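Here are my notes after a pass through the model, point by point. Have the viewer open while you read.

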Amino acid sequence: MEKFTTHTGLVVPLDIANVDTDQIIPKQFLQKTERVGFGVHLFHERRYLDHEGTQVNPDFVMNKPEYKGASVLLARENFGCGSSREHAPWAIEEYGFKVVIAPSFADIFYGNCINIGILPIRLTEAEVEQLFKLSAEAPLTVDVDLPNNTLTCGDLTFKFSLNEFQQYSLENGVDSVGWTLNKLDKIKDFEAKMPAWQ
Amino acid sequence: MTTSTPQTMYEKLWQTHLVEDAKGETPLLYVDRHLIHEVTSPQAFANLRFHNRPVRHPERTIATMDHNISTRSIKIDAAGTGAANQLRALQKNCKEFGIELFGMGHKNQGIAHVMGPELGLTLPGTIIVCGDSHTATHGAFGALAFGIGTSEVEHVFATQTLRQNKAKTMKIQVNGHVGAGISAKDIILAIIGKTGSAGATGYVVEYCGEAIEALSMEERMTVCNMSIEFGAKAGLVAPDQTTFDYVKGREYAPKGEVFEQAVVDWKNLRSDADAVFDTVITLEAKDIKAQVTWGTTPGQVISVDGIVPSPEDFTDPVEKESCKQALVYMDLKAGTKMVDIEVNKVFIGSCTNSRIEDLRAAATIVQRYEGQKVVDSVDAIIVPGSYRVKEQAESEGLDKIFTDAGFEWRLPGCSMCLGMNDDVLGPGDRCASTSNRNFEGRQGRGSRTHLVSPEMAAAAAITGHFVDLNA
């Protein structure tokens, strides 16, 4: 996993609450055995006017020319709810997003983001609202500093927090499986004490 | 007498699975059972191969084919090239890593969350994970069960553990007894309607109270299944005699003295009487009526005797806007009576409602209409949750009741719940569905889903609209 320390990027405001992972990556694109090829289908039903994905929907925010090259997704509450499909953050990452900001995330989606190196930032509803307002005035660029847990936008600085180990894992690009395999003795000790029925 | 702090069932499950809680690290929990399927496992296997790592406990992992298989044929190629590639990859991966697979046509094949419980793979007091968000189903047994992403699937393969932050606890108590004809699906939809679609994000929920205790295991599974639909990490029901009787004698369940010892341990799982929950929600069962969703999240739900709400009914600006968007997508007018909404598709199936009791309930309603058939304007399909359910239903003649009435009787699978195979709705189709998600496009681009119980779905198939069966 790539290390995440700081990032500066253009924000695309997606003003929809309860965005589920079916919307992020619809089921017809889950039939892959590889980890690539999802970015082009990100938000497929909103991004394209036709099922085949040949006609771009000019009204969808991500398709507007001023948001070309955006790498920070600004979203509303309960982002990433529904299916546990990790294909959703894979699609978000492959499209070019490094950071997702929302007032709240669904639990599985949040964990999936961290596991692949995307930074999900929880801000308060009021802070998110402020960013949406600023974004409506002119395209917004933000600076994210993970070691200092700050998101800066012009004169404004917002603090955010992550669980200690998740922060460490992102900053250091930890191979989580390898990390746990170093604890094999502890796992074996645990197994030795398990009841027979377990 | 004990002096220890009273614990919730979740805390007990947590403590008995805690491998390590090292400073600065997310706690490491032991995983007893890992269920896998074709869609969310291939990339995890690929990474194992890349790092030259084995599956640490292949005997704790069970694979099934469910998400994108055809419900018309047991042929692996029947649901298209993409599906076939994933199904063949699962065969190859299971063979290479020594995992037992219930593939196409196997007598144990079925939707993971139907198959696990019916085979006795699901046990109280265990941690069960699967790369599928409806894994919470198994919480009906007092197992801590939750959905995981593919990176976590890989972590479980390699280590038989997972790192988890401790969730908050929520108690949902349903007092008294539900009225006649009110199903477990109505109970859980009413709960979600009360909490909202993200009301339990960050929580593990324990369902309790007389109305929950009175439920059969299959009904408890329906309740726990939809825990994710209001954001909960997992749903739990305390194991009791109903649970032990269900588990006893099942193929993979412990036998003899080991089973007896297990029951002793399982009886201790129950939350202590004075355990403290972070949040408590109470519902009166007698107030719960048959439920139908009107919007595009499961929380947008109302009683069948109600009307489609208006954005003006909501004070929260986000809910107001969500209502507005949902009415446009669903092509519904505020104020329309729910019983006046006409459907053209009916789907009875999914890990929420495809078990034998669900099919019996639907068949009872079909019989109540005495010889009436599925109305011409409706296509109705019934998809049993597993081959065992299918076989049982056929031995009881339920398939005959359905096919005589004009329903299509299909082969087991996830089917139209997510429409990864060819069981998809077209644009503008309106479906009464016993599944768990009414998201935009979930069952097909531009399609409209109303979540209901099997009874309501059966009635909608015959009449072409929702029905207040208690009116």
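1. Sorted by class, the lining of the second largest cavity splits into five nonpolar, four polar and two charged residues. This is a predicted model, by the way, so treat what follows as computed from it. The second largest cavity holds about 70 Å³ of space. From chain A its lining takes Asn78(A), Cys81(A), Gly82(A), Ala106(A), Asp107(A) and Ile108(A). From chain B the lining takes Ser197(B), Ile228(B), Gly231(B), Ala232(B) and Lys233(B).

2. How many cavities of 30 Å³ or more turn up in the whole structure? The search finds three. The largest cavity has a volume of about 220 Å³, and 25 residues line it. If you want to centre your view there, pick His67(B), Asp132(B), His134(B), Leu418(B) and Arg442(B), which lie nearest the centre of that cavity. By class, the lining of the largest cavity comes out as nine nonpolar, eleven polar and five charged residues.

3. On to the open spaces. The second largest pocket has a volume of about 520 Å³ and a lining of 28 residues. Nearest its centre are Gly193(B), Gly196(B), Gly299(B), Gln300(B) and Glu319(B). Which element gives the most to the lining of this pocket? That is H6(B), with five residues. Helix H6 (184-195), strand E12 (279-284), strand E14 (301-303) and helix H11 (317-330) of chain B each put at least two residues into the lining.

4. Now the packing. In soluble globular proteins, nonpolar side chains tend to be buried together. Here the largest nonpolar core has 191 residues, and Phe79(A), Tyr207(B) and Phe407(B) have the most contacts inside it. Take Phe407(B): leaving aside neighbours within four places in sequence, Phe407(B) is in contact with Ile348(B), Val366(B), Val374(B), Ala380(B), Ile382(B), Phe402(B), Ala458(B), Ala461(B) and Ile462(B). There is also a second, separate core of eleven residues, including Leu35(B), Leu119(B), Leu121(B) and Ile128(B).

5. Salt bridges next: over all chains, the search finds 30 salt bridges. One of them pairs Glu129(A) with Arg76(A), with the closest N and O atoms 2.9 Å apart. Glu129(A) sits in helix H5 (residues 125-137) of chain A, and Arg76(A) in the loop between strand E2 (72-74) and helix H3 (87-95) of chain A, so the pair ties together parts 53 residues apart in sequence. Are the two partners buried or exposed? Glu129(A) counts as partly exposed at 31% relative accessibility, whereas Arg76(A) is buried, with a relative accessible area of 13%.

6. Glu20(B) is buried, with a relative accessible area of 13%, while Lys186(A) counts as partly exposed at 42% relative accessibility.

7. Within chain B, have a look at Glu96(B) and Arg49(B), whose salt bridge has its closest N and O atoms 3.0 Å apart. Glu96(B) is in helix H3 (residues 81-97) of chain B and Arg49(B) in helix H2 (residues 42-51) of chain B, so the pair ties together parts that are 47 residues apart in sequence. Glu96(B) is partly exposed, with a relative accessible area of 44%, and Arg49(B) also counts as partly exposed, at 33%. As for shared partners, salt bridges join Lys183(A), Lys186(A), Glu20(B), Glu25(B) and Arg163(B) into one network.

8. Last, a histidine. Where does His41(A) lie? His41(A) is in the loop between helix H1 (21-24) and helix H2 (44-47) of chain A. With 18% relative accessibility, under the 20% limit, His41(A) counts as buried. Not counting residues up to four places away in sequence, His41(A) touches Ile24(A), Ile25(A), Pro26(A), Phe29(A) and Arg47(A).

Technical notes: Residues are numbered from 1 along each chain as its sequence is written. Chains are lettered from A and ligands numbered from 1 in the order in which they are written. This is a predicted model: local features need pLDDT of at least 70, side-chain atom pairs count only at pLDDT 80 or more; totals for chains, interfaces and linings use all residues. Side-chain values use heavy atoms; hydrogens and water are left out. On a 1 Å grid over the protein atoms alone, a cavity is a set of points where a 1.4 Å probe fits but cannot get out, and a pocket is an open set with protein on both sides within 12 Å along at least five of seven lines; lining residues have an atom within 4 Å of a point. Grid points are joined across faces, edges and corners, and a volume is the space filled by probe spheres set on the points. Ala, Val, Leu, Ile, Met, Phe, Trp, Tyr, Cys and Pro count as nonpolar, Asp, Glu, Lys and Arg as charged, and the others, Gly among them, as polar. A nonpolar core is a set of buried Ala, Val, Leu, Ile, Met, Phe, Trp, Tyr and Cys residues joined through side-chain atoms within 4.5 Å. Buried means under 20% relative accessible area, exposed over 50%, partly exposed in between (1.4 Å probe, protein chains only). Contact means heavy atoms within 4.5 Å. A salt bridge is a side-chain nitrogen of Lys or Arg within 4 Å of a carboxyl oxygen of Asp or Glu. Helices (H or I, at least four residues) and strands (E, at least two) are DSSP runs, numbered from the N terminus.
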